[in-house]
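Subject: Structure handover

Hello,

Here is the structure you will be taking over. My notes on what was found in it follow below.

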Amino acid sequence: MTVMKNMPISFPGLLGDWEFNPDPVAIHIGHGIYWYGIILAFAMLMGLLLCMKQSRKFGLTEDNVLDMVLWAVPTCIVGARVYYVLFYLDRFRNADGSLDWGKMVAIWDGGIAIYGAVIAGALVAFLFTRHKKLKFAAMTDLTVMGLMLGQCIGRWANFINREAFGGPTDLPWRMRLWTSTTEFIEVHPTFLYESLWNLVGVLLLLFVVSKYRKFDGENTWFYFLWYGIGRTWVEGLRTDSLYLFDWTFLGQPIRVSQALSVVMVVVSAAALIYELGIKKRDGSDLLVNRTAAVTSAEIEKQEDEHGNQN
């Protein structure tokens with residue numbers, strides 16, 4: 001369902017007649033500088049700052065984070081676009097059935113998918129940590145915190161664009177959007193649902209999971225578990241889902257993100273049960289603990305050498 005991007009947004013069940021009518025274009029220059037891009041850039045910056053601030057708690061450095069981000073950001077943008085184009089391929093065909101390559105790369109016209117960015121980011125993290133001889137799981141434990149914060153903030157770009165909304169509802173927090181100058185719909189504000197879900201996830205990662213982490217990779221599996229549960233629910237409400245080609249399950253088309261989320265939940269839950277319940281991880285193998293032990297040993301050695309010299 002398409003809504004008008006130049007008509008007001010309102011929440012009549014909560015805010016009465018108050019309306020908000022943001023222009024999706026922040027600065028009208030060239031193709032335009034869109035609020036969507038500004039919000040996503042801000043989301044990435046906040047995620048980066050969080051990772052840098054938390055890096056030492058994972059046995060890593062701020063330089064490690066910055067070096068990886070230089071590779072990850074452009075790769076994630078490409079990955080998010082490729083994922084979207086792949087599952088909406090018919091939208092990028094010419095009348096004769098051939099692919100319209102110009103339209104496929106026109107990311108400024110909209111069309112990216114977070115799972116594509118996550119997949120691309122995981123690949124970059126793997127290659128980067130192999131090259132730098134860092135622990136992959138420690139790096140992903142750190143980066144998922146920044147990723148979830150970025151997702152929390154980034155969903156507000158969908159709000160400005162009047163997109164990523166759900167089906168009709170009469171709940172008090174329903175969002176009113178206009179399909180013409182005289183007709184409107186009242187729908188689930190699914191962008192808000194996901195943003196709030198991710199906010200709770202960030203807080204849990206910061207103040208609970210990270211604090212009591214028993215193995216490198218625990219944050220990562222928690223991220224996939226938490227985000228997967230939330231996305232499975234939210235995706236079922238949305239009206240603009242990407243579908244898995246023309247495949248169906250129980251007579252219904254398969255929503256790509258929902259199916260992937262279910263798989264994520266099952267795999268991550270199994271991994272956490274195995275690591276914490278079966279292997280009984282105790283935190284001794286955490287990179288940050290091993291790094292601290294090595295540093296402590298080096299300090300003691302230097303003190304012993306200094307004492308002998310005296």
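Rings of Phe, Tyr and Trp, the last taken by its six-membered ring, count as a pair if their centres lie within 6.5 Å; planes under 30 degrees apart make the pair stacked, and planes over 60 make it edge-to-face. By this rule the chain has 16 aromatic pairs. Please keep in mind that the model is predicted.

One of the pairs is Phe20 with Phe159. The ring centres are 5.9 Å apart and the planes meet at 5°, so Phe20 and Phe159 are stacked. Phe159 is buried, at 10% relative accessible area, whereas Phe20 is partly exposed, at 32%.

Another pair, Tyr84 and Phe92, is edge-to-face, with 6.4 Å from centre to centre and 80° between the planes. Tyr84 has a relative accessible area of 14% and is therefore buried, the limit being under 20%. Phe92 is buried as well, at 5%.

Phe20 and Phe159 also belong to one aromatic cluster, together with Phe11, Trp18, Trp156 and Phe191.

A ring also meets a charge: the charged end of Arg176 sits over the ring of Phe184, at 4.0 Å from the ring centre.

Leu196 lies in helix 7 (residues 190-209). With a relative accessible area of 46%, Leu196 counts as partly exposed.

Now the chain as a whole. It has ten helices and eight strands, and its C-alpha atoms fill a box of roughly 90 × 45 × 45 Å along the principal axes. Of the 310 residues in the chain, 43% are buried. The chain exposes about 17300 Å², with carbon and sulfur atoms supplying 65% of that area. Among contacts between residues at least 6 apart in sequence, 68% join residues at least 24 apart.

If you want a place to start looking, take the stacked pair of Phe20 and Phe159, then the cluster that includes both.

Regards

Definitions and conventions. Residues numbered from 1 in each chain as written. Predicted model: local features only at pLDDT ≥ 70, side-chain atom pairs only at ≥ 80, totals over all residues. Heavy atoms only, no water. Helix = DSSP H or I, 4+ residues; strand = E, 2+ residues; numbered from the N terminus. Buried < 20%, exposed > 50% of the residue type's maximum accessible area, 1.4 Å probe, protein only. Lys NZ or Arg CZ within 6 Å of the ring centre and 35° of its normal. Contact = heavy atoms within 4.5 Å. Areas by Shrake-Rupley, 256 points an atom, 1.4 Å probe, with all protein chains shown as cover.
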